[in-house]
Protein chains: 2
Amino acid sequence: MEKTLESRTVYRGSIINLRLDSVELGNGRTALREVVEHPGAVGILALKKNGDIVMVRQYRKAVERELLELPAGKLEKGEDPKECAARELEEETGYRASDIRYIMTFYTSPGFSNEVMHLFYATGLDRGEKHPDEDEVVDTVEIGQKEALDMVLSGGIRDGKTITGILILNRINELT
Amino acid sequence: MEKTLESRTVYRGSIINLRLDSVELGNGRTALREVVEHPGAVGILALKKNGDIVMVRQYRKAVERELLELPAGKLEKGEDPKECAARELEEETGYRASDIRYIMTFYTSPGFSNEVMHLFYATGLDRGEKHPDEDEVVDTVEIGQKEALDMVLSGGIRDGKTITGILILNRINELT
């Protein structure tokens, strides 16, 4: 437990806020915690009938490179994560899923951010229409499960949530 | 590719910086990117002779709860990731490892941060002395692999790097 002595928001942005907390530690010392507030996000492991994983390729400014990722997106205020998963899957890939199941939730980087990532498993895909956000440029890529796992192990896939989703795939039957 | 039109650092902190980039997208539009700069980190999957995973339990202010995680820590300036892994393992758990191998590198949250996480696999553990940073209060916990996997699937383990490390464990022999 870390008791908050003082809390100050130094930046309010469109996706994140930055908050500085002075805290008292369990050992009596004080420390400063830099906290990036994030609304939370969903990632979608969407499988086609042939088993291929629907992925997106997009440029990520923060890391200055293109990444191959699971479709994903931020939660809107008050939005149900499962509805967000359906919405983001369709926005980014054009696919509508007849079945979406919850897999798991994790913190992406709890050392400095409260971002949670809810992973979902989507099947029964039907082609709808892509309509990405105005500031998104996203290509859809469909990749076999074996190839995706090889890319995780060889470094061809470098996004945390995507690696987790691909690694958990062989546990899906136990989960759903 | 997103061309940077303007870049401004609005916060320089002890662990992170916050930078705002105006960018020109591939579709000609402009957008603002909020980028949290982080020095990068390592996580260590350390196995005892009996197969137990050495983990740490610590309070994470950003998420206001205690988490069970792999030992981990930030890279110091210019530090080699493998040396950082050895250092952090000993600082947080007191264990020295005779063998440390690289597993993989991933971005924890590339939508808003450049943080990279390098995962290592450590064996040949020898009890040394714990000496955590002054602002760290960390307990060591040793957990069987089966129990750890159950905790990933049931939500008892919620930290992204830790989930990735536990899920990749059954691929380790292919990797090393």
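1. Two residues count as in contact if their C-beta atoms, placed from the backbone, lie within 7 Å. With that cut-off, the contact between the chains takes 54 residues from chain A and 54 residues from chain B. Note that this is a predicted model.

2. Which elements of chain A give two or more residues to the side that touches chain B? They are the strands β1 (3-12), β2 (17-24), β3 (30-37), β5 and β8 (95-107), with the helices α3 (160-168) and α4 (172-175). β3(A) gives the largest share, six residues.

3. Now the make-up of that side. On chain A, the residues that touch chain B comprise 27 nonpolar, 13 polar and 14 charged.

4. Next, strand β4 of chain A. β4(A) spans residues 41-47 and is mostly covered. Six of its seven residues are buried.

5. How does β4(A) pair with β9(A), parallel or antiparallel? The sense is parallel, and six bridges link β4(A) to β9(A), residues 116-127. Within this pairing, Ile44(A) stands opposite Phe120(A) of β9(A).

6. β4(A) also runs antiparallel to β7(A), residues 72-74, and three bridges join them. Here Ala41(A) has Lys74(A) as its bridge partner.

7. A further antiparallel partner of β4(A) is β5(A), residues 53-60, joined by two bridges. Leu47(A) is bridged to Ile53(A) in β5(A). The two strands form a hairpin with five residues between them. In this hairpin, Gly51(A) takes a positive phi near 95°.

8. One link between the topics: β5(A) pairs with β4(A), and β5(A) is also among the elements on the side that touches chain B.

How values were computed. Residues numbered from 1 in each chain as written. Chains lettered and ligands numbered in written order. Predicted model: local features only at pLDDT ≥ 70, side-chain atom pairs only at ≥ 80, totals over all residues. Buried ≥ 20, exposed ≤ 12 C-beta atoms within 10 Å, placed from the backbone. Helix = DSSP H or I, 4+ residues; strand = E, 2+ residues; numbered from the N terminus. Pairing = 2+ DSSP bridges. Nonpolar A, V, L, I, M, F, W, Y, C, P; charged D, E, K, R; others polar.
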